[in-house]
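Please read it with the structure open.

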Amino acid sequence: MKETRRDDRYATSEKFATLRGIREAARRKLSDTSWNYLHCGTGDEITARDNVAAFDRYLFDAPLFTGVKNPDTRTSVLGYELSFPAFTAPFGGGETLFHPDGMLAVGRAAHAAGIRQIVPVAAAHSLEEVRAASPAAAIFQMTFCGEETAVIDMIHRAKDAGYDYICVTFSPIRQWRERMMEDRFSIPGQGEPSNFGPGKSDIAMLAELLDFTKPRWGWDEAARVIAASPLPCIVKGIGSRADAYRALKAGAVGLYVSNYGGRTVDRVPAAIDTLADVREEAGPDVPIIFDSGIRRGSDIATAIALGANAVALGRIAALGLAADGEAGVKRVLELLRDEFWTTLGHLGCSSVSELSPHIFRRR
Ligand SMILES: Cc1cc2nc3c(=O)[nH]c(=O)nc-3n(C[C@H](O)[C@H](O)[C@H](O)COP(=O)(O)O)c2cc1C
(Lines give C-alpha, C1' and ligand atoms only; values in the text may rest on other atoms or scores of the structure.)
Protein backbone atom coordinates (compact mmCIF):
# COMPACT_ATOMS: atom_id res chain seq x y z
CA MET A 1 0.00 0.00 0.00
CA LYS A 2 1.31 3.42 -0.94
CA GLU A 3 2.27 5.45 2.10
CA THR A 4 -0.20 8.27 2.52
CA ARG A 5 0.93 11.51 4.09
CA ARG A 6 0.13 11.39 7.73
CA ASP A 7 0.44 15.02 8.61
CA ASP A 8 -2.01 17.79 9.31
CA ARG A 9 -2.60 18.80 5.73
CA TYR A 10 -5.91 17.65 4.36
CA ALA A 11 -5.17 18.13 0.69
CA THR A 12 -5.12 14.92 -1.31
CA SER A 13 -4.81 14.01 -4.95
CA GLU A 14 -6.72 10.80 -4.25
CA LYS A 15 -9.99 10.28 -6.09
CA PHE A 16 -11.81 9.81 -2.78
CA ALA A 17 -10.94 12.04 0.15
CA THR A 18 -13.13 10.25 2.69
CA LEU A 19 -15.16 7.13 3.25
CA ARG A 20 -18.27 9.26 2.84
CA GLY A 21 -17.15 10.11 -0.70
CA ILE A 22 -16.75 6.41 -1.42
CA ARG A 23 -20.20 5.67 -0.06
CA GLU A 24 -21.73 8.39 -2.23
CA ALA A 25 -19.93 7.12 -5.32
CA ALA A 26 -21.15 3.59 -4.60
CA ARG A 27 -24.70 4.86 -4.24
CA ARG A 28 -24.50 6.56 -7.62
CA LYS A 29 -23.18 3.41 -9.28
CA LEU A 30 -25.49 0.79 -7.82
CA SER A 31 -29.11 0.20 -8.77
CA ASP A 32 -31.64 0.55 -5.95
CA THR A 33 -31.93 -3.21 -5.87
CA SER A 34 -28.19 -3.81 -5.51
CA TRP A 35 -27.96 -1.04 -2.90
CA ASN A 36 -30.73 -2.70 -0.91
CA TYR A 37 -29.01 -6.07 -1.23
CA LEU A 38 -25.81 -4.60 0.16
CA HIS A 39 -27.44 -2.84 3.08
CA CYS A 40 -30.38 -5.02 3.98
CA GLY A 41 -30.74 -6.72 7.32
CA THR A 42 -33.49 -9.05 8.42
CA GLY A 43 -36.88 -8.24 9.94
CA ASP A 44 -37.06 -4.61 11.04
CA GLU A 45 -33.28 -4.34 10.61
CA ILE A 46 -32.93 -3.45 14.30
CA THR A 47 -29.72 -5.45 14.71
CA ALA A 48 -28.29 -4.15 11.44
CA ARG A 49 -28.79 -0.58 12.66
CA ASP A 50 -27.78 -1.21 16.24
CA ASN A 51 -24.51 -2.87 15.17
CA VAL A 52 -23.43 0.55 13.96
CA ALA A 53 -25.21 2.73 16.55
CA ALA A 54 -23.73 0.73 19.43
CA PHE A 55 -20.24 2.02 18.62
CA ASP A 56 -21.43 5.54 19.47
CA ARG A 57 -22.04 4.41 23.05
CA TYR A 58 -18.35 3.64 23.64
CA LEU A 59 -16.85 7.01 24.45
CA PHE A 60 -13.12 7.51 24.61
CA ASP A 61 -11.10 9.14 27.30
CA ALA A 62 -8.39 11.14 25.54
CA PRO A 63 -6.19 12.46 28.32
CA LEU A 64 -4.09 15.54 27.69
CA PHE A 65 -0.35 15.35 27.07
CA THR A 66 -0.29 11.61 26.48
CA GLY A 67 -0.48 11.63 22.68
CA VAL A 68 1.90 9.49 20.66
CA LYS A 69 3.52 10.89 17.51
CA ASN A 70 3.88 7.82 15.37
CA PRO A 71 1.90 4.87 16.67
CA ASP A 72 2.49 1.46 15.13
CA THR A 73 -0.67 0.05 13.54
CA ARG A 74 0.89 -3.32 12.71
CA THR A 75 -0.15 -6.47 14.47
CA SER A 76 0.28 -10.21 14.31
CA VAL A 77 -2.74 -12.52 14.38
CA LEU A 78 -3.15 -16.19 13.43
CA GLY A 79 0.46 -16.07 12.30
CA TYR A 80 -0.12 -13.21 9.85
CA GLU A 81 1.71 -9.91 10.02
CA LEU A 82 -0.94 -7.31 9.21
CA SER A 83 -0.32 -3.63 8.46
CA PHE A 84 -3.30 -2.91 10.70
CA PRO A 85 -5.62 -5.29 12.54
CA ALA A 86 -8.10 -6.11 9.79
CA PHE A 87 -9.22 -8.74 7.31
CA THR A 88 -11.70 -8.33 4.52
CA ALA A 89 -14.87 -10.18 5.52
CA PRO A 90 -16.34 -12.85 3.28
CA PHE A 91 -19.15 -11.39 1.19
CA GLY A 92 -20.26 -13.71 -1.54
CA GLY A 93 -23.33 -14.49 -3.55
CA GLY A 94 -24.03 -11.26 -5.38
CA GLU A 95 -20.65 -9.55 -5.00
CA THR A 96 -20.29 -9.23 -8.78
CA LEU A 97 -23.27 -6.87 -8.64
CA PHE A 98 -20.83 -4.48 -6.99
CA HIS A 99 -18.01 -5.10 -9.46
CA PRO A 100 -17.40 -7.88 -12.01
CA ASP A 101 -14.01 -8.68 -10.45
CA GLY A 102 -15.68 -9.39 -7.11
CA MET A 103 -13.42 -11.30 -4.72
CA LEU A 104 -10.45 -11.08 -7.10
CA ALA A 105 -10.46 -7.30 -6.68
CA VAL A 106 -10.95 -7.55 -2.92
CA GLY A 107 -8.01 -9.96 -2.57
CA ARG A 108 -5.69 -7.79 -4.63
CA ALA A 109 -6.63 -4.72 -2.61
CA ALA A 110 -6.12 -6.60 0.66
CA HIS A 111 -2.66 -7.62 -0.53
CA ALA A 112 -1.79 -4.06 -1.50
CA ALA A 113 -2.95 -2.93 1.94
CA GLY A 114 -0.88 -5.53 3.79
CA ILE A 115 -3.83 -7.41 5.26
CA ARG A 116 -5.54 -10.75 4.48
CA GLN A 117 -8.79 -11.78 2.90
CA ILE A 118 -11.46 -14.20 4.11
CA VAL A 119 -12.85 -15.75 0.93
CA PRO A 120 -16.51 -16.82 0.82
CA VAL A 121 -17.57 -20.21 -0.51
CA ALA A 122 -20.48 -18.55 -2.32
CA ALA A 123 -18.20 -16.31 -4.41
CA ALA A 124 -18.66 -16.00 -8.13
CA HIS A 125 -15.01 -16.92 -8.66
CA SER A 126 -13.70 -20.30 -7.61
CA LEU A 127 -11.56 -20.58 -4.50
CA GLU A 128 -8.57 -21.49 -6.71
CA GLU A 129 -9.03 -18.39 -8.88
CA VAL A 130 -9.28 -16.10 -5.86
CA ARG A 131 -6.23 -17.66 -4.26
CA ALA A 132 -4.24 -17.38 -7.50
CA ALA A 133 -5.21 -13.71 -7.83
CA SER A 134 -3.74 -12.71 -4.50
CA PRO A 135 -1.53 -14.10 -1.75
CA ALA A 136 -3.83 -12.26 0.67
CA ALA A 137 -6.49 -14.94 0.11
CA ALA A 138 -5.66 -16.87 3.26
CA ILE A 139 -8.83 -18.01 4.99
CA PHE A 140 -11.67 -19.85 3.31
CA GLN A 141 -15.21 -19.41 4.63
CA MET A 142 -17.15 -22.64 4.42
CA THR A 143 -20.77 -23.10 5.36
CA PHE A 144 -21.37 -26.30 7.30
CA CYS A 145 -24.43 -27.69 5.55
CA GLY A 146 -25.42 -30.68 3.48
CA GLU A 147 -23.37 -33.89 3.59
CA GLU A 148 -20.39 -33.94 5.96
CA THR A 149 -18.23 -35.66 3.35
CA ALA A 150 -18.94 -32.90 0.83
CA VAL A 151 -17.92 -30.27 3.38
CA ILE A 152 -14.70 -32.12 4.17
CA ASP A 153 -13.97 -32.53 0.45
CA MET A 154 -14.34 -28.77 -0.03
CA ILE A 155 -11.98 -28.12 2.86
CA HIS A 156 -9.38 -30.43 1.25
CA ARG A 157 -9.79 -28.44 -1.93
CA ALA A 158 -9.17 -25.22 -0.04
CA LYS A 159 -6.04 -26.71 1.53
CA ASP A 160 -4.75 -27.86 -1.85
CA ALA A 161 -5.31 -24.37 -3.21
CA GLY A 162 -3.15 -22.91 -0.44
CA TYR A 163 -5.57 -21.61 2.19
CA ASP A 164 -4.40 -21.71 5.81
CA TYR A 165 -7.63 -21.72 7.82
CA ILE A 166 -11.33 -22.44 7.50
CA CYS A 167 -13.83 -19.87 8.71
CA VAL A 168 -16.79 -22.05 9.68
CA THR A 169 -20.27 -20.63 9.20
CA PHE A 170 -23.66 -22.07 9.86
CA SER A 171 -26.99 -21.12 8.35
CA PRO A 172 -29.93 -23.40 9.02
CA ILE A 173 -32.54 -21.71 6.85
CA ARG A 174 -33.06 -18.71 4.63
CA GLN A 175 -33.20 -15.21 6.05
CA TRP A 176 -36.19 -12.88 6.28
CA ARG A 177 -34.95 -9.92 4.25
CA GLU A 178 -37.90 -7.70 3.42
CA ARG A 179 -36.02 -5.21 1.28
CA MET A 180 -35.10 -8.09 -1.00
CA MET A 181 -38.64 -9.42 -0.88
CA GLU A 182 -40.03 -6.03 -1.85
CA ASP A 183 -37.53 -5.85 -4.70
CA ARG A 184 -38.41 -9.41 -5.66
CA PHE A 185 -34.68 -9.85 -5.73
CA SER A 186 -32.90 -13.09 -6.25
CA ILE A 187 -29.15 -13.27 -6.21
CA PRO A 188 -28.14 -13.63 -9.83
CA GLY A 189 -26.21 -16.66 -11.00
CA GLN A 190 -22.73 -15.26 -11.21
CA GLY A 191 -21.34 -17.34 -14.01
CA GLU A 192 -18.72 -20.02 -13.78
CA PRO A 193 -16.65 -21.46 -12.45
CA SER A 194 -18.07 -21.14 -8.99
CA ASN A 195 -17.02 -23.49 -6.23
CA PHE A 196 -19.76 -25.95 -7.06
CA GLY A 197 -18.62 -27.23 -10.39
CA PRO A 198 -19.78 -26.82 -13.95
CA GLY A 199 -23.37 -25.78 -14.23
CA LYS A 200 -23.67 -25.21 -10.49
CA SER A 201 -23.58 -21.62 -9.35
CA ASP A 202 -23.65 -20.27 -5.84
CA ILE A 203 -27.39 -20.37 -6.25
CA ALA A 204 -27.22 -24.14 -6.27
CA MET A 205 -25.38 -23.91 -2.99
CA LEU A 206 -28.05 -21.69 -1.49
CA ALA A 207 -30.74 -24.04 -2.76
CA GLU A 208 -28.92 -26.82 -0.97
CA LEU A 209 -29.10 -24.87 2.24
CA LEU A 210 -32.84 -24.83 1.97
CA ASP A 211 -33.08 -28.54 1.34
CA PHE A 212 -34.51 -29.94 4.54
CA THR A 213 -33.98 -33.49 3.36
CA LYS A 214 -30.26 -32.95 3.94
CA PRO A 215 -28.73 -33.89 7.31
CA ARG A 216 -29.17 -31.43 10.13
CA TRP A 217 -26.14 -29.88 11.73
CA GLY A 218 -25.54 -29.52 15.45
CA TRP A 219 -22.38 -29.07 17.53
CA ASP A 220 -21.64 -32.83 17.38
CA GLU A 221 -21.56 -32.78 13.60
CA ALA A 222 -19.55 -29.55 13.61
CA ALA A 223 -17.03 -31.03 16.07
CA ARG A 224 -16.67 -34.15 13.93
CA VAL A 225 -15.96 -32.14 10.79
CA ILE A 226 -13.59 -29.79 12.61
CA ALA A 227 -11.70 -32.85 13.88
CA ALA A 228 -11.54 -34.31 10.36
CA SER A 229 -10.60 -30.98 8.78
CA PRO A 230 -7.09 -30.81 7.35
CA LEU A 231 -7.11 -27.08 8.13
CA PRO A 232 -7.58 -25.39 11.52
CA CYS A 233 -11.03 -23.89 11.97
CA ILE A 234 -12.26 -20.53 13.24
CA VAL A 235 -15.96 -20.46 14.06
CA LYS A 236 -17.90 -17.42 12.88
CA GLY A 237 -21.18 -16.16 14.32
CA ILE A 238 -20.15 -16.15 18.00
CA GLY A 239 -22.27 -13.74 20.06
CA SER A 240 -22.36 -15.24 23.53
CA ARG A 241 -20.23 -16.93 26.15
CA ALA A 242 -22.12 -20.16 25.55
CA ASP A 243 -21.33 -20.24 21.85
CA ALA A 244 -17.71 -19.32 22.54
CA TYR A 245 -17.46 -22.19 24.98
CA ARG A 246 -19.09 -24.67 22.59
CA ALA A 247 -16.98 -23.61 19.63
CA LEU A 248 -13.74 -24.04 21.56
CA LYS A 249 -14.94 -27.37 22.87
CA ALA A 250 -15.74 -28.40 19.30
CA GLY A 251 -12.10 -27.79 18.39
CA ALA A 252 -12.04 -24.23 17.04
CA VAL A 253 -8.62 -22.58 17.15
CA GLY A 254 -10.14 -19.13 16.91
CA LEU A 255 -13.46 -17.34 17.37
CA TYR A 256 -15.15 -14.89 15.04
CA VAL A 257 -17.62 -12.65 16.84
CA SER A 258 -20.28 -11.61 14.34
CA ASN A 259 -23.99 -11.45 13.70
CA TYR A 260 -23.36 -11.19 9.96
CA GLY A 261 -24.17 -7.51 9.98
CA GLY A 262 -27.72 -8.25 11.13
CA ARG A 263 -28.34 -10.26 7.97
CA THR A 264 -29.33 -13.57 9.55
CA VAL A 265 -31.81 -12.96 12.37
CA ASP A 266 -33.08 -9.68 13.78
CA ARG A 267 -33.14 -8.62 17.44
CA VAL A 268 -29.92 -10.22 18.47
CA PRO A 269 -27.66 -7.80 20.36
CA ALA A 270 -25.27 -5.47 18.59
CA ALA A 271 -22.16 -7.58 18.01
CA ILE A 272 -19.81 -5.11 19.71
CA ASP A 273 -21.83 -5.42 22.94
CA THR A 274 -21.09 -9.16 23.04
CA LEU A 275 -17.36 -8.98 22.44
CA ALA A 276 -16.05 -8.39 25.97
CA ASP A 277 -17.98 -11.40 27.31
CA VAL A 278 -16.64 -13.62 24.55
CA ARG A 279 -13.08 -12.50 25.29
CA GLU A 280 -13.59 -13.23 28.96
CA GLU A 281 -14.91 -16.69 28.20
CA ALA A 282 -12.14 -17.47 25.72
CA GLY A 283 -9.29 -16.26 27.91
CA PRO A 284 -6.41 -14.09 26.71
CA ASP A 285 -4.82 -16.43 24.16
CA VAL A 286 -7.57 -17.43 21.74
CA PRO A 287 -7.49 -15.34 18.56
CA ILE A 288 -10.72 -13.40 18.07
CA ILE A 289 -11.86 -11.73 14.86
CA PHE A 290 -14.74 -9.27 15.13
CA ASP A 291 -17.20 -7.93 12.59
CA SER A 292 -20.60 -6.28 12.27
CA GLY A 293 -20.66 -2.52 12.35
CA ILE A 294 -17.10 -1.43 11.59
CA ARG A 295 -17.42 1.83 9.64
CA ARG A 296 -14.34 3.82 10.59
CA GLY A 297 -10.88 3.63 12.10
CA SER A 298 -12.05 4.52 15.59
CA ASP A 299 -14.43 1.52 15.48
CA ILE A 300 -11.41 -0.70 14.93
CA ALA A 301 -9.78 0.76 18.05
CA THR A 302 -12.99 0.11 20.01
CA ALA A 303 -13.18 -3.53 18.93
CA ILE A 304 -9.52 -4.19 19.71
CA ALA A 305 -9.86 -2.53 23.12
CA LEU A 306 -12.82 -4.78 23.92
CA GLY A 307 -10.86 -7.92 23.14
CA ALA A 308 -10.65 -8.56 19.38
CA ASN A 309 -7.28 -9.29 17.78
CA ALA A 310 -8.52 -8.00 14.44
CA VAL A 311 -11.71 -6.87 12.76
CA ALA A 312 -13.26 -7.93 9.46
CA LEU A 313 -14.62 -5.43 6.98
CA GLY A 314 -17.88 -6.29 5.25
CA ARG A 315 -20.18 -3.57 3.91
CA ILE A 316 -17.50 -0.89 4.16
CA ALA A 317 -15.21 -2.92 1.86
CA ALA A 318 -18.13 -3.73 -0.44
CA LEU A 319 -18.81 -0.01 -0.80
CA GLY A 320 -15.24 0.47 -1.99
CA LEU A 321 -15.69 -2.36 -4.46
CA ALA A 322 -18.86 -0.78 -5.79
CA ALA A 323 -17.33 2.71 -5.96
CA ASP A 324 -14.14 1.83 -7.81
CA GLY A 325 -13.33 -1.89 -7.91
CA GLU A 326 -9.93 -2.89 -6.56
CA ALA A 327 -8.81 0.76 -6.23
CA GLY A 328 -11.94 1.55 -4.25
CA VAL A 329 -11.36 -1.27 -1.77
CA LYS A 330 -7.73 -0.25 -1.46
CA ARG A 331 -8.75 3.33 -0.70
CA VAL A 332 -11.21 2.15 1.94
CA LEU A 333 -8.45 0.15 3.62
CA GLU A 334 -6.04 3.05 3.43
CA LEU A 335 -8.52 5.48 5.00
CA LEU A 336 -9.46 3.04 7.75
CA ARG A 337 -5.83 2.34 8.54
CA ASP A 338 -4.95 6.03 8.68
CA GLU A 339 -7.91 6.93 10.87
CA PHE A 340 -7.03 4.02 13.14
CA TRP A 341 -3.50 5.42 13.28
CA THR A 342 -4.64 8.87 14.38
CA THR A 343 -7.01 7.30 16.91
CA LEU A 344 -4.16 5.34 18.48
CA GLY A 345 -2.06 8.49 18.63
CA HIS A 346 -4.73 10.61 20.30
CA LEU A 347 -5.55 7.91 22.81
CA GLY A 348 -1.90 7.73 23.83
CA CYS A 349 -1.33 4.21 22.52
CA SER A 350 1.96 3.61 20.74
CA SER A 351 0.93 0.18 19.51
CA VAL A 352 -2.13 -2.01 18.96
CA SER A 353 -1.33 -4.05 22.07
CA GLU A 354 -1.77 -0.94 24.24
CA LEU A 355 -5.48 -0.77 23.41
CA SER A 356 -7.56 -1.97 26.35
CA PRO A 357 -10.76 -0.88 28.10
CA HIS A 358 -8.78 1.91 29.78
CA ILE A 359 -9.36 3.98 26.62
CA PHE A 360 -13.07 4.31 27.44
CA ARG A 361 -14.63 6.97 29.66
CA ARG A 362 -16.11 5.62 32.82
CA ARG A 363 -19.85 6.15 32.82
C1 LIG B 1 -23.51 -8.38 0.51
C2 LIG B 1 -23.05 -9.24 1.64
C3 LIG B 1 -22.83 -10.60 1.40
C4 LIG B 1 -22.37 -11.41 2.45
N5 LIG B 1 -22.08 -12.73 2.20
C6 LIG B 1 -21.50 -13.48 3.17
C7 LIG B 1 -21.05 -14.79 2.89
O8 LIG B 1 -21.13 -15.27 1.76
N9 LIG B 1 -20.49 -15.49 3.90
C10 LIG B 1 -20.34 -14.97 5.17
O11 LIG B 1 -19.81 -15.65 6.06
N12 LIG B 1 -20.77 -13.73 5.45
C13 LIG B 1 -21.32 -12.97 4.49
N14 LIG B 1 -21.69 -11.68 4.77
C15 LIG B 1 -21.48 -11.13 6.14
C16 LIG B 1 -20.10 -10.48 6.25
O17 LIG B 1 -19.06 -11.42 6.19
C18 LIG B 1 -19.96 -9.75 7.58
O19 LIG B 1 -20.21 -10.64 8.63
C20 LIG B 1 -20.91 -8.55 7.69
O21 LIG B 1 -20.91 -7.83 6.49
C22 LIG B 1 -20.48 -7.66 8.86
O23 LIG B 1 -21.35 -6.59 9.03
P24 LIG B 1 -21.02 -5.11 8.50
O25 LIG B 1 -20.77 -5.26 7.03
O26 LIG B 1 -22.25 -4.33 8.77
O27 LIG B 1 -19.82 -4.62 9.22
C28 LIG B 1 -22.17 -10.85 3.74
C29 LIG B 1 -22.39 -9.49 3.95
C30 LIG B 1 -22.82 -8.69 2.92
C31 LIG B 1 -23.02 -7.22 3.18
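1. Does tyrosine 260 count as buried, partly exposed or exposed? The model is a predicted one, in which local features need pLDDT of at least 70, side-chain atom pairs count only at pLDDT 80 or more, and totals for chains, interfaces and linings use all residues. Residues are numbered from 1 along each chain as its sequence is written, and side-chain values use heavy atoms, with hydrogens and water left out. Tyrosine 260 has 22% relative accessibility, so it counts as partly exposed; buried means under 20% relative accessible area, exposed over 50%, and partly exposed in between (1.4 Å probe, protein chains only).

2. Tyrosine 260 sits in the loop between strand 8 (254-257) and helix 11. Its phi is near 60°, a positive value in a residue other than glycine. Arginine 267 belongs to the loop between strand 8 and helix 11, and its phi is near 65°, again positive in a residue other than glycine. Arginine 267 is exposed, with a relative accessible area of 63%. As background, most residues other than glycine have a negative phi.

3. On the overall fold, the protein chain has 13 helices and 10 strands. These are DSSP runs numbered from the N terminus (helices: H or I, at least four residues; strands: E, at least two). The radius of gyration is 19 Å, close to the 21 Å that the globule rule gives for 363 residues, so the chain is as compact as a globular protein of that length. That radius is taken over C-alpha atoms, and the rule is 2.2 Å times the number of residues to the power 0.38. The C-alpha trace spans about 65 × 45 × 40 Å along its principal axes.

4. Buried residues account for 53% of the 363 residues. Of the contacts (heavy atoms within 4.5 Å) between residues at least 6 apart in sequence, 73% join residues at least 24 apart. The accessible surface of the chain comes to about 16,100 Å², and 52% of it belongs to carbon and sulfur atoms. Accessible areas come from the Shrake-Rupley method with a 1.4 Å probe; for residues, only the protein chains shown count as cover.

5. The salt bridges number 18, a salt bridge being a side-chain nitrogen of Lys or Arg within 4 Å of a carboxyl oxygen of Asp or Glu. One of them joins glutamate 45 and arginine 179, with the closest N and O atoms 2.9 Å apart. This pair links distant parts of the chain, 134 residues apart: glutamate 45 is in the loop between helix 2 (32-39) and helix 3 (46-53), and arginine 179 is in helix 7 (residues 178-182). Glutamate 45 is buried at a relative accessible area of 12%, whereas arginine 179 is partly exposed at 25%.

6. Arginine 241 forms a salt bridge with glutamate 281, the closest N and O atoms being 3.7 Å apart. Here too distant parts of the chain are linked, with arginine 241 in helix 10 (residues 241-249) and glutamate 281 in helix 11, 40 residues apart. Arginine 241 is partly exposed at 31% relative accessibility, and glutamate 281 is partly exposed at 30%. A network of salt bridges links Arg241, Asp277, Glu280 and Glu281.

7. Within helix 13 (residues 315-346), glutamate 334 and arginine 331 lie three residues apart, about one turn of the helix. They form a salt bridge whose closest N and O atoms are 2.5 Å apart. Glutamate 334 is buried at 2% relative accessibility, and arginine 331 is buried at 7%.

8. Helix 12 (residues 297-305) is mostly covered, with nine of its nine residues buried. Its buried residues pack against helix 11, strand 9 (288-290), strand 10 (310-313) and helix 13.
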